[in-house]
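Please look over the sequence and the model before reading on. The paragraphs below are meant to be read with both at hand.

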Amino acid sequence: MREPGAPENLIIQEVAKPIIQSTEVLVKVKAISINPVDVKTRSGKALYGQLKNDDPVIVGWDISGEVVAVGKEVQQFTVGDAVFGMVNFPGHGKAYAEYVAAPEAHLALKPSVISHQEAAATTLAALTAWQVLVHLGGIKAGQKVFIQAAAGGVGHFAVQIAKHFGAYTIGTASAGHADFLQSLSLDENIDYTQENFSERVQDVDLFLDSLGVDSVAQAIPIIKSGGQVISILGGCNEENQANAEAAGVKATNYLVQSSGNDMKELAHLLTTGQLKAHVSQVFAFDDIAAAHTQVETGRTRGKVVVTLD
Ligand SMILES: NC(=O)c1ccc[n+]([C@@H]2O[C@H](COP(=O)([O-])OP(=O)(O)OC[C@H]3O[C@@H](n4cnc5c(N)ncnc54)[C@H](OP(=O)(O)O)[C@@H]3O)[C@@H](O)[C@H]2O)c1
């Protein structure tokens with residue numbers, strides 16, 4: 001990308017192969033996944049500010065592919081391994097490329113039972129759901145977990161992870177996603193176009209917000225004292241923090257971080273079939289602008305993947 005802007009600002013250009021550091025591996029990329037943060041960065045928001053000094057800026061963080069070279073200090077991977085992960089987030093992943101230099105600490109071995117497309121999909125969005133529910137949320141069996149935008153990238157992984165831990169899950173999505181969410185064993189689906197969740201639900205232990213300030217404001221009164229809301233869209237502003245504190249609710253904003261250890265946990269769930277990426281659309285690398293246009297709708301089910309095969 002030479003300049004931020006429309007999806008068409010993503011251009012295909014030959015650049016030198018990245019040179020790996022001693023703790024990095026060189027990955028020949030087979031598939032990439034596209035996230036809202038990619039779209040926001042492409043349009044000059046989100047992480048663009050910290051990437052803009054590169055020319056061209058190479059957007060992207062989520063990859064699955066094959067190791068073709070390893071740095072001197074790399075211990076976990078060898079040439080020929082299939083690996084996947086979210087590279088250098090929040091930083092410069094440079095993932096929209098045939099070759100990506102990735103710290104070994106950000107990767108895990110790709111389970112052989114899933115495709116590179118499914119693996120690429122189970123990266124930023126899945127790590128977000130995992131880190132929010134497990135590390136911050138301390139999710140436990142029997143808890144009532146509320147997931148906004150349950151049919152989206154983060155949401156559909158969050159539903160499956162919460163079910164895996166034995167939680168009771170409630171999610172929001174428009175009616176067209178009802179069957180999909182039922183297939184993920186979501187316990188209660190609220191069609192946000194027909195009903196306000198805050199009028200139906202109460203006694204929530206853990207609320208995953210991905211919609212922002214208004215959603216968190218509505219969430220606080222339906223969360224148990226001692227419960228928590230974690231927003232991945234900056235929904236815990238000062239006013240919401242103060243109201244949450246008064247209600248005995250913990251309110252936190254969170255930004256996902258690259259983690260090979262968490263990728264290994266996801267790989268285990270993918271191997272045992274307890275977690276499955278829903279890839280709703282696959283685009284060729286040449287059509288990456290169309291992939292961005294789809295994610296930009298905000299209506300995507302599961303994940304959008306771009307393939308380099
Ligand atoms: N802080 C972090 O670390 C972090 C990490 C990942 C994502 N995020 C942010 O979290 C947000 C969600 O990410 P994502 O990857 O899950 O996005 P996504 O896959 O694009 O989400 C699409 C889904 O959102 C649903 N949706 C849209 N408006 C809704 C509403 N008002 N109520 C309920 N559902 C609604 C859509 O369902 P319908 O078709 O039914 O409308 C669609 O299924 C984005 O803003 C992203 O940037 C932050």
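Predicted model: local features only at pLDDT ≥ 70, side-chain atom pairs only at ≥ 80, totals over all residues.

The ligand sits in the largest pocket. Its shell is made up of 25 residues, and the closest are K40, S174, Y192, V256 and R299. Sorted by class, that shell has 13 nonpolar, 10 polar and two charged residues. Several helices take part in the shell: α1 (36–42), α4 (124–136) and α5 (153–164) each supply at least two of its residues.

In the case of Y192, an N or O atom of the side chain is 2.4 Å from an oxygen atom of the ligand. Backbone atoms are involved as well: a polar backbone atom of V256 lies 2.7 Å from a ligand oxygen, and a polar backbone atom of V154 lies 2.9 Å from a ligand oxygen. The ligand on its own has 920 Å² of accessible area, and the protein covers 87% of this.

Why is α4 described as largely enclosed by the rest of the structure? The reason is that 10 of its 13 residues are buried. The buried residues are L124, A125, A126, L127, T128, A129, W130, Q131, V132 and L133. One of them, T128, has a relative accessibility of 5%, and because buried means under 20%, T128 counts as buried. T128 and S183 are 55 residues apart along the chain, and their C-alpha atoms are separated by 21 Å. After α4 comes G138, which has a positive phi near 55 degrees.

Two further buried residues are found in other elements. S231 belongs to strand β10, which covers residues 223–231. With a relative accessibility of 0%, S231 counts as buried. The side chain of S231 makes a polar contact of 2.6 Å with the side chain of D209. A289 is part of helix α11, residues 288–296. The relative accessibility of A289 is 18%, which is under the 20% limit, so A289 also counts as buried.

Which residues does a cis peptide bond join, with omega about 0 degrees? Another links F89 to P90, and P90 is in the loop between β3 (82–86) and β4 (99–103).

Positive phi values also occur in residues other than glycine. A149 has a phi near 50 degrees and is placed in the loop between β6 (144–147) and α5. Its relative accessible area is 31%, so A149 is partly exposed. S185 has a positive phi of about 70 degrees and lies in the loop between α6 (178–183) and β8 (188–190). At 40% relative accessibility, S185 is likewise counted as partly exposed.

Note on methods. Residues numbered from 1 in each chain as written. Heavy atoms only, no water. Near = heavy atom within 4 Å. Polar contact = N/O pair within 3.5 Å; in protein donor to acceptor, adjacent residues only side chain to side chain. Areas by Shrake-Rupley, 256 points an atom, 1.4 Å probe, with all protein chains shown as cover. 1 Å grid on protein atoms, 1.4 Å probe; cavity = no way out; pocket = protein on both sides within 12 Å on 5 of 7 lines; lining within 4 Å. Sits in = over half its atoms within 2 Å of the grid points. Helix = DSSP H or I, 4+ residues; strand = E, 2+ residues; numbered from the N terminus. Nonpolar A, V, L, I, M, F, W, Y, C, P; charged D, E, K, R; others polar. Buried < 20%, exposed > 50% of the residue type's maximum accessible area, 1.4 Å probe, protein only.
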